[in-house]
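Me: I've got a structure open and want to go through it piece by piece. Can you take my questions as they come?

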Amino acid sequence: MSDERHPETLPASYEDIEFDNNAQRLPLVLCLDTSSSMAGVPMEMLNKALQDWTRELHDDVSLSYSVEVAVVTFGGQGVTVWRGAQPLPPQASVSPFVPAYAFQAPVLTAAGVTLLTEALELALRIVAARKTELRTSGLQYYRPQICLVTDGLPTDGTGHLTNAWQRLVPVLTNDQAARRYRLYAIGVGNISDMGAQVLEALAPEFNARLHGFPFRELLQMMSNSINAERRGAGEEIQAKIFADFRTQRSAWDA
Amino acid sequence: MTAPAERGVILDGRLVTLGPRPLKGGGQAAVFPVVGHDETVVKIYREAPGAEQERRLQRMLNMTPLGGRPIGPGQPPELAWPTAVARSREGRFLGYAMRRFGEPGHVQLVGLFTRAQRLRLFPERTDWRFMLGVGWNLAFMTARMHHDGLVVGDFSSNNVVVDADGFVTFLDCDSIAFTDSVTREEFPCLMQTADYAAPERLAGGPATRRSDDFALAVLIYQLLTAGNHPFGGVPHDSESETTVKDNIAASRSYVARPGCVIVPRSVIDPTVLPPVLLDLARRAFGPGVTDPAARPGAAEWLRALDEERRLAKVCPDRPRHSYGSHLPTCPWCARAAVTGHDVFNATVSIRPTEEGRQSSGARALVVSLAIVLVIVAVVIVVALSLRN
């Protein structure tokens, strides 16, 4: 017996986001590199940082009031969208966004190729879809944030370097000028000069090359920046928060 | 933000050590714990604050706001007033110390605005009447501050904390606007939070009692509707982002002008507010948006809330359901029956079996209501025919 108001495929947390209150939402997409170069310690650190950040997110009454999180990973044979800790099948109809208080971090493993371009395109699509979804249901939103993290260069499905990412540059420039979202592009580990240049081209204002794998600091910066967005802070404040973060150095740095 | 390079700061001539990580970091400042002093926190400005900010804090240390008034047993102070200026070892002004009002004892007001947080962070019996009581305390605090010549200025659900008894404390006292009674120097409020800023503040105007009245009205409305913002909703045919700020600036509130925006189907009907309170809300979110003088003041809210808290009804059917005396039946039960969402109680599992049971329960209710209606109709028809 099924009730039309409660389709069986609708998970409880999804229902909550519609029903709990009419708070203005802030969609956040973590777009994370899980290709083979991240294997070992970096991946362990990323998983640990995700767990810690998730706990902090739950404890932060104010952040968890309006933030909703989706995760996109690129590694293995392709690109994966996660709804909290669960990978979604490619044609899934449910939204990958989970309200912060119900978010559970996925446990990620590293392998395969670096489909950065495709992952970023997918991130843009889910952000656009979510905005439409929120708007049509009468919910307001702050400017979404997308946080891209990689330690390498974009490849194609066979693992060969590709310039396909260049097709994204005009799209990103246009979208950011229209304030559709704010993209952060962060290089970690031993990312090459060329890798850093790609990130600079993708996110001219909010790119950084970090030594080591300071994922915890990175996620905290995202939280600070979201807090500032919710306070109605302008671009200067966001730039300051990012600059503060960028000057930090990981203990991993020799 | 990390702690200043040297984590040692001077408070009242004494060297203390700040914890390595801030408890809270915003755009302008971060709040740090003090090693070995759990009752104290230190707010450190991100950028070197100006001489004016230092004079402001020095002046505040000599003031006793809301002083000499009785507070009940167990009631925390209403203001997290500065207790000392924080300086570097070289004497540079860095920020200030205040009493710590942290979790679990003190929760940001926004914690009352979602069910999950209410159930997790507040006493089990937290209900609508409690929310109303918190609104009363908020109005009381505001009225007292206004009486003492203080303007809250940056008034939001983030910088007010609530304890388990519903007592409220205002946290960011360094942004309060006041005039030095001796030098007549004016210390304006330079901070604001978009969701609670009156249009004249969004346009760059100074913080006033009237702008406090606007924020107070929004906060009380949110408390009385379990968290709904009166300027939520998206204008019809909107193609791009609309924020709460936009709706405030354009005077679009579904409370004052029903139908002016698309609201989520989950939004609680404004009529859950008792008529007197709804009138005040409609004044604040209707004419009061553009005309600051039309907004109800803190004292007016106080009188209206006072009346209602004595009259609130308790639902006999479900726990944590209380509601205004103007309603014939429990609005929270009615809503749960229609949407499956109980504002004050955790939703039962929606596994298919449970769901079946729930909807058959709802169906049974509908059937029995229909039977009652038929009987009523028959009685009326009989009565009418008898009169003829």
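**Strand contacts, sheets and domains**

Reply: Start with B:Ile10. Beyond its neighbours within four places in sequence, B:Ile10 is in contact with B:Leu15, B:Arg87 and B:Arg89. Keep in mind that this is a predicted model.

Me: Where does B:Ile10 lie?

Reply: In strand β1 of chain B, residues 8-11.

Me: B:Arg87 came up as a contact. What is its bridge partner in β7(B)?

Reply: B:Phe93. Strand β6 of chain B, residues 84-87, pairs with β7(B) in the antiparallel sense over 4 bridges.

Me: What do β6(B) and β7(B) form?

Reply: A hairpin, with 5 residues between the two strands. B:Gly91 sits in the turn and has a positive phi of about 95°.

Me: Which other strand pairs with β7(B)?

Reply: β5 of chain B, residues 37-45, pairs with β7(B) over 5 bridges, in the antiparallel sense. Within that pairing, B:Val42 has B:Ala97 as its bridge partner.

Me: How many residues of β7(B) are buried?

Reply: 5 of its 7, so the strand is mostly covered.

Me: Moving on along the chain. What lies between β7 and β8 of chain B?

Reply: A loop that holds B:Pro104. The peptide bond from B:Glu103 to B:Pro104 is cis, with omega near 5°.

Me: What sheet does β8 belong to?

Reply: An open sheet of 3 strands in chain B, ordered β8-β9-β10, with antiparallel pairing.

Me: Which strands stand at the edges, and why is one side of each left without a neighbour?

Reply: β8 (107-108) and β10 (168-170) of chain B. Each has a single partner strand, so one side of each has no neighbour in the sheet.

Me: How many bridges join β9 of chain B to β10(B)?

Reply: 3 bridges, and the two strands run antiparallel. One pair is B:Val160 with B:Phe170 in β10(B).

Me: Which helix packs on that sheet?

Reply: α3 of chain B, residues 128-147. Helix α3 touches β9 and β10 of chain B, and its direction makes about 40° with that of β10(B).

Me: Zoom out. How is chain B divided?

Reply: Into domain 1 (1-100) and domain 2 (102-317). Their centres, taken over C-alpha atoms, are 27 Å apart.

Me: How many residues does the contact take from each?

Reply: 17 from domain 1 of chain B and 16 from domain 2 of chain B.

Me: What gives the most on the domain 1 side?

Reply: Helix α1 of chain B, residues 51-61, with 3 residues. By class, that side of domain 1 of chain B has 11 nonpolar, 2 polar and 4 charged residues.

Me: Which residues have the most contacts inside the largest nonpolar core?

Reply: A:Cys31 and A:Ala123, in a core of 174 residues. This core draws at least three residues from each of domain 1 and domain 2 of chain B.

Me: What does A:Ala123 touch?

Reply: Not counting residues up to four places away in sequence, A:Val29, A:Cys31, A:Val72 and A:Ile146.

Me: Where is B:Arg184 found?

Reply: In the loop between β11 (178-179) and β12 (186-187) of chain B. B:Arg184 counts as exposed, with 7 C-beta neighbours inside 10 Å.

Me: And B:Ser251?

Reply: In the loop between α6 (244-249) and α7 (275-285) of chain B. B:Ser251 has 17 C-beta neighbours inside 10 Å, so it counts as partly exposed.

Conventions
Residues numbered from 1 in each chain as written. Chains lettered and ligands numbered in written order. Predicted model: local features only at pLDDT ≥ 70, side-chain atom pairs only at ≥ 80, totals over all residues. Domains from an automatic or database assignment. Contact = placed C-beta atoms within 7 Å. Nonpolar A, V, L, I, M, F, W, Y, C, P; charged D, E, K, R; others polar. Pairing = 2+ DSSP bridges. Axes fitted to C-alpha atoms, helices over the stretch in contact; angles between N-to-C directions. Buried ≥ 20, exposed ≤ 12 C-beta atoms within 10 Å, placed from the backbone. Core = buried A, V, L, I, M, F, W, Y, C linked by C-beta atoms within 7 Å.
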